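Student: I should like to learn how to read the features of a predicted complex. Could we take them one at a time, with the general idea before the case?

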Amino acid sequence: METLTWILALTLATLRLATPLIFASMGGLISERSGIVNVALEGFMLMGAFAGAVVGYSFASAWAGWGAALIAGFAIGALYAFFVIELKADQIITGMAFNLLVMGLIPFITKILYSSTGSTPALLVEDRFTFEPLLLAVALVAAISFWMYRTRSGLWVLFAGEHPEALTASGVSVRKVRWAAVTLSGGLAAFGGASLSLFLASSYSPMMTGGRGFMALAALIFGKWKPVPALAACILFAFADAVQIRLQGVQVGGIEIPVQFVQILPYIVTIIALAGFIGKSRAPKALGHQ
Amino acid sequence: MKRIFGFLLGLTLALLLTLFAGENPWNVFTILVRSAFGSMYDLGLTLSYTTPLIFCGLSVAIGFHAGLFNIGAEGQMTMAVVTAAAVGVLLPDVPFPLAPVLAVLAALIAGGLWGWIAGWLRAVRGSHEVIITIMMNFIAAGLAGWFALKIIPNPDSQNPETALVSPNYMFKDYDLVARLFPDTPANASLVFAIVIAVLMWIFLWKTAWGFKLRAVGSNPEAAHRAGISEKKVQIAAMTLAGALAGFVALSEVVGSAGQYRIGFSPDYGFIGIAVALMASNNPLGIIVSAFLMGALHKGASDLDLETSTITRDFSRIIQALVILGVVAQGYWEWFKQKRRKG
């Protein structure tokens with residue numbers, strides 16, 4: 001009986017922790033399938049986590065925060081699109097610069113709003129999400145799998161990433177498709193962030209993403225840029241994270257495992273997965289090409 | 001020229017942002033300048049930021065020259081610094097001239113190893129070096145934290161830091177630069193950093209090895225046809241990048257602090273990206289851009305005290321906007337196009 005509850009608790013923790021990763025990696029999926037590398041997911045997530053927490057707190061409603069995260073995500077996604085599509089700036093460097101920018105902007109804004117640079121004020125426990133983002137995340141994966149392969153606009157995105165010339169030849173603007181895809185990716189990644197600050201926790205705390213944007217990207221690559229395998233990869237990484245939290249303070253043969261060793265577990269799992277020990281992964285053909 | 005414009009554009013935009021915080025941008029700018037160069041003390045601190053930024057800038061630059069984006073300088077540096085501190089604490093009886101050499105060598109190996117792992121994974125397994133190096137940064141922080149807190153913690157302090165290395169490891173008594181800037185961490189490793197930058201320039205442009213490295217970075221296909229092994233070059237470049245970041249142990253452990261302090265780095269590895277980009281990855285230019293970014297960082301860290309609403313995190317906004325100003329040179333063509341259309 002005890003083992004059963006233990007397994008159940010671990011499963012639930014895994015699913016909860018997978019939620020932010022799923023949103024972010026679906027955001028990354030749309031952007032990268034359209035041909036735009038997106039290492040700015042981390043920054044998009046932070047933006048969503050922050051906007052969600054601030055608005056969610058002031059309206060005492062997680063849904064208000066959820067909406068605010070979407071708007072903030074669209075805004076920063078569009079800005080990223082402007083830099084990499086219109087200005088043709090290097091996608092990876094721009095992405096890193098965006099991460100840096102968000103890490104600087106958030107304390108800048110919290111200082112103005114709350115005259116501190118730490119966490120934002122917390123939502124009441126009954127105001128925050130209990131399970132909704134998890135369901136939305138799973139629904140999102142289903143929706144994207146259908147949309148991307150079965151609808152005309154979904155195929156536009158795929159073609160923008162694989163054969164942009166063919167898309168142009170059929171009279172669709174690659175530029176516009178990519179703009180839409182990257183903006184949307186900002187919104188989805190921001191949902192990922194908001195599920196951290198409104199679902200897993202009840203406020204924004206500095207750097208709360210802890211590299212999850214990059215893990216989502218790794219999940220995407222590990223999942224061969226496909227929605228369902230990427231979902232599976234997110235669950236794998238979330239499992240490592242859940243095990244990590246469980247193992248803290250656990251003793252093996254009378255010796256406590258150092259907490260730092262336990263904490264690096266998800267990062268090691270990410271590297272092992274990414275090192276492609278389970279088959280090679282092929283990127284969209286036009287990914288990163290101008 | 002365009003890079004200087006990009007830098008100024010980024011800086012100006014960042015300063016204009018301060019309007020939202022109710023500050024006067026010009027006032028903020030004068031604070032930045034004054035607290036970066038206002039006195040010998042301020043200048044000393046600026047220079048003490050410059051040294052690690054040169055090393056990290058070089059580390060990022062050598063990656064770029066080989067076509068790789070090394071975001072792992074932070075982790076490579078952390079591993080190197082904690083290793084140097086470990087050598088200095090665990091082997092206290094090594095005599096003077098040998099001791100600092102030993103510590104720095106160990107640091108270079110640790111940093112180089114951390115870079116090598118990323119290089120190997122990239123070259124042999126085709127793993128995205130950006131994600132790998134980010135993950136390695138987190139792992140390095142975890143390992144170094146464990147080592148500092150559990151294995152060699154400082155017995156005389158509650159701060160999260162290692163014990164002090166034995167005095168044989170420090171070259172303070174011979175340090176002329178440190179004498180010029182009393183009470184600051186500035187030290188002779190600045191001179192050493194400049195020498196390394198010059199050596200790297202010679203390596204990149206005057207040796208066959210450097211040529212191969214740049215060939216793989218600029219035209220991998222041609223390099224492949226010329227019989228250059230892309231994999232070997234990628235692994236070598238990342239290992240060198242790790243070792244270059246590892247030199248920070250020289251300025252941090254042997255040169256000034258004598259220990260590894262958790263959080264000693266204000267993200268030198270990331271600022272190093274801005275440093276390298278501003279200098280178009282030219283090692284000699286990196287000396288100048290590291291000084292500029294060091295000055296901005298020192299200036300920004302005084303904003304905490306000198307203004308009521310702007311904090312040291314403002315430094316990040318400046319760095320990001322400077323990177324964007326430099327890397328998004330496309331605005332020249334974009335404006336031209338708009339003008340033609342409009």
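Tutor: Let us begin with secondary structure: helices (H or I, at least four residues) and strands (E, at least two) are DSSP runs, numbered from the N terminus. In this predicted model, B:Gly242 is found in helix H11 of chain B. As to conventions, residues are numbered from 1 along each chain as its sequence is written, while chains are lettered from A and ligands numbered from 1 in the order in which they are written. Because the model is predicted, local features need pLDDT of at least 70, side-chain atom pairs count only at pLDDT 80 or more, and totals for chains, interfaces and linings use all residues.

Student: What confidence does the predictor give to chain B and to the complex?

Tutor: pLDDT is the predictor's confidence in each residue, from 0 to 100. Where pLDDT is low, the predicted coordinates should not be read in detail. Chain B has a mean pLDDT of 91, with 99% of its residues at 70 or more. For the complex, the predictor gives an ipTM of 0.90 and a pTM of 0.92.

Student: Is B:Gly242 buried or exposed?

Tutor: A residue is buried if 20 or more other C-beta atoms lie within 10 Å of its own, exposed if 12 or fewer, and partly exposed in between, with C-beta atoms placed from the backbone. B:Gly242 counts as buried because it has 34 C-beta neighbours inside 10 Å.

Student: Which residues is B:Gly242 in contact with?

Tutor: Two residues are in contact if their C-beta atoms, placed from the backbone, lie within 7 Å. Leaving aside neighbours within four places in sequence, B:Gly242 is in contact with B:Gln76 and with B:Gly111, B:Gly112, B:Leu113, B:Trp114, B:Gly115 and B:Trp116. B:Ala110 lies 132 residues from B:Gly242 in sequence, yet their C-alpha atoms are 8.1 Å apart in space.

Student: How many helices and strands does each chain have?

Tutor: Chain A has twelve helices and two strands, and its elements run α-α-α-α-α-α-α-α-α-α-β-β-α-α from the N terminus on. Chain B comes to 16 helices and zero strands.

Student: At what angle do H8(B) and H14(B) pack?

Tutor: Axes are lines fitted to C-alpha atoms, for helices over the stretch in contact, and angles run from 0 to 180 degrees between N-to-C directions. Helix H8 (residues 189–206) and helix H14 (residues 283–306) of chain B pack at about 150°, with their axes 7 Å apart. Angles under 35 degrees count as roughly parallel, over 145 as roughly antiparallel, 65 to 115 as roughly perpendicular and the rest as oblique. H8(B) and H14(B) are therefore roughly antiparallel to each other. On the H8(B) side, B:Ile194, B:Ala197, B:Met200, B:Trp201 and B:Leu204 meet B:Pro283, B:Leu284, B:Ile286 and B:Ile287 of H14(B).

Student: How many residues of helix H9 of chain A are buried?

Tutor: Eleven of the eleven residues of H9(A) (residues 212–222) are buried. Those residues pack against H1, H2, H8, H10 and H12 of chain A together with H6 of chain B.

Student: Which element gives the most to the side of chain B that touches chain A?

Tutor: The contact takes 40 residues from chain B and 39 residues from chain A. H6(B) gives the most to the chain B side, with twelve residues. Elsewhere, B:Gly330, in the loop between H15 and H16 of chain B, is in contact with A:Leu87, A:Lys88 and A:Ala89, leaving aside its neighbours within four places in sequence. B:Gly330 is partly exposed, with 18 other C-beta atoms within 10 Å.
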